[in-house]
Amino acid sequence: MTVIDPDTQAGWVPEAEAEDDADDMPLSLRLSIADTLTLGNATCGFMAVYFTTTGILIPHLTGSDESGMARHSAATAVILMLMAAIFDLFDGLVARKLRSSPMGAELDNLSDLISFGLAPAYFVLVYGMVADDAHQRVSALAAIVVLLAVVLRLARFSCVTLKDGMFQGMPSPFGALTVISIVLLELPFVPTLLAIIGVAWLMVSRVEYPKPRGVLAVAMLGWIVAAMGLLAAWALDAPGGQLLLQTGCALQVVLGAVIPLFATARRVNTFRDNRREARAAQLP
């Protein structure tokens, strides 16, 4: 029963009826715990763009010479992207253990687009504006390539059914962190540009990557935490911080290059084994 308050002429619903209305809420409008983690992913991606703008781009455009501020902001932006990767890792684990809402898959794709598409692409764009030997328009083109690669990869992920436990193409969090590592290595412009485009190609390729589950998920989490420590040491200008950061970035890039080689070799070996079995089956 709905009661009208004579002072406000507004209706209020008794508590029991309010609870009934909540129970009748469509499942598509309810957020699960996994969805909350996914929204944390999107928030981290947006804040990474914020720190890249306020701490790197704006000081450059205004002629500020505070290099320490730019270093702190760059480290903060990358740490936020790493935190987004942690949220992305745990929302899948939580969704498998607990219930997930019907919006879960869509929220995950939209959040990944912000954190692992827009944020790293914007980082590349700003790099092209502030680096001494970079070319702004070419960097903008590379940033667009990264963004479109993530868009295509996420769209394909929603449409293509793959065998359990595998991704097709480099996962967008791994690709985003590899792109950022390439920029932080401070290589000459042309090798940096070619490496970034190579990572974008890997994200839309058909190379299979294992999903981070079990031991692999723990290893990935450990690597992300270690990367945060390296970034913090670099931001605080700790002794050897620059060398440690470049070592970590180089390792990330090497992993990004080696994993496809192992995946390709495994696929070739599987193809050869299948051919041998087929020939053996044809023999009398």
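This is a predicted model: local features need pLDDT of at least 70, side-chain atom pairs count only at pLDDT 80 or more; totals for chains, interfaces and linings use all residues.
Helices here are DSSP runs of H or I at least four residues long, and strands are runs of E of at least two. With that noted, I counted nine helices and four strands in the chain.

**Entry 1: overall layout.** I wrote down the order of elements from the N terminus: β-β-α-α-α-α-α-β-α-α-β-α-α. The chain has 284 residues, and 38% of them are buried. Of the contacts between residues at least 6 apart in sequence, 77% join residues at least 24 apart.

**Entry 2: the annotated spans.** The UniProt entry, which is unreviewed, carries the annotation "transmembrane region" for residues 39-62, 74-93, 113-131, 138-155, 175-203, 215-236 and 242-265. I checked two of these against the model. Residues 74-93 are 100% helix and 0% strand, with the end C-alpha atoms 29 Å apart. Residues 175-203 gave me 86% helix and 0% strand, but here the end C-alpha atoms are 7 Å apart.

**Entry 3: α6 against α7.** How do α6 and α7 run relative to each other, parallel or antiparallel? Their axes come within 9 Å and cross at roughly 175 degrees. Angles over 145 degrees count as roughly antiparallel, so α6 and α7 are roughly antiparallel to each other. Helix α7 covers residues 189-204. On the α6 side I listed Ser172, Gly175, Thr178, Val179, Ile182 and Val183, which meet Thr192, Ala195, Ile196, Val199 and Met203 of α7.

**Entry 4: the loop between them.** Glu186 sits in the loop between α6 and α7. I noted its phi because most residues other than glycine have a negative one. Glu186 is not a glycine, yet its phi is positive, at about 55 degrees. Its relative accessible area is 55%, so Glu186 counts as exposed.

Entry 5: Asp237 lies in the loop between α8 (215-235) and α9. At 58% relative accessible area, Asp237 is exposed.

**Entry 6: α6 against α4.** Helix α4 (residues 104-130) packs on helix α6 (residues 172-184) at an angle of about 15 degrees, with the axes 9 Å apart. That makes α4 roughly parallel to α6. I have the crossing down as left-handed. From α4, the residues in contact are Asp112, Phe116, Pro120, Phe123, Val124 and Tyr127; from α6, they are Ser172, Pro173, Ala176, Val179, Ile180, Val183 and Leu184.

**Entry 7: Ser172.** Ser172 is in helix α6. Which residues does Ser172 touch, not counting those up to four places away in sequence? They are Asp112, Phe116, Val150, Arg153, Leu154 and Met203. I also took the separation between the C-alpha atoms of Ser172 and Val204: 9.7 Å, for residues 32 apart along the chain.

**Entry 8: Gln252.** I looked up Gln252 in helix α9 (residues 241-282). Is Gln252 buried or exposed? Its relative accessibility is 4%, and under 20% means buried, so Gln252 counts as buried. Leaving aside neighbours within four places in sequence, Gln252 is in contact with Phe174, Leu177, Thr178, Ser181 and Trp223.

Definitions and conventions. Residues are numbered from 1 along each chain as its sequence is written. Side-chain values use heavy atoms; hydrogens and water are left out. UniProt positions are given in the numbering used here, feature names are shortened, and annotations may be inferred rather than shown by experiment. Buried means under 20% relative accessible area, exposed over 50%, partly exposed in between (1.4 Å probe, protein chains only). Contact means heavy atoms within 4.5 Å. Axes are lines fitted to C-alpha atoms, for helices over the stretch in contact, and angles run from 0 to 180 degrees between N-to-C directions. Angles under 35 degrees count as roughly parallel, over 145 as roughly antiparallel, 65 to 115 as roughly perpendicular and the rest as oblique. A crossing is left-handed if the near helix is turned anticlockwise from the far one by less than a right angle, and right-handed if clockwise.
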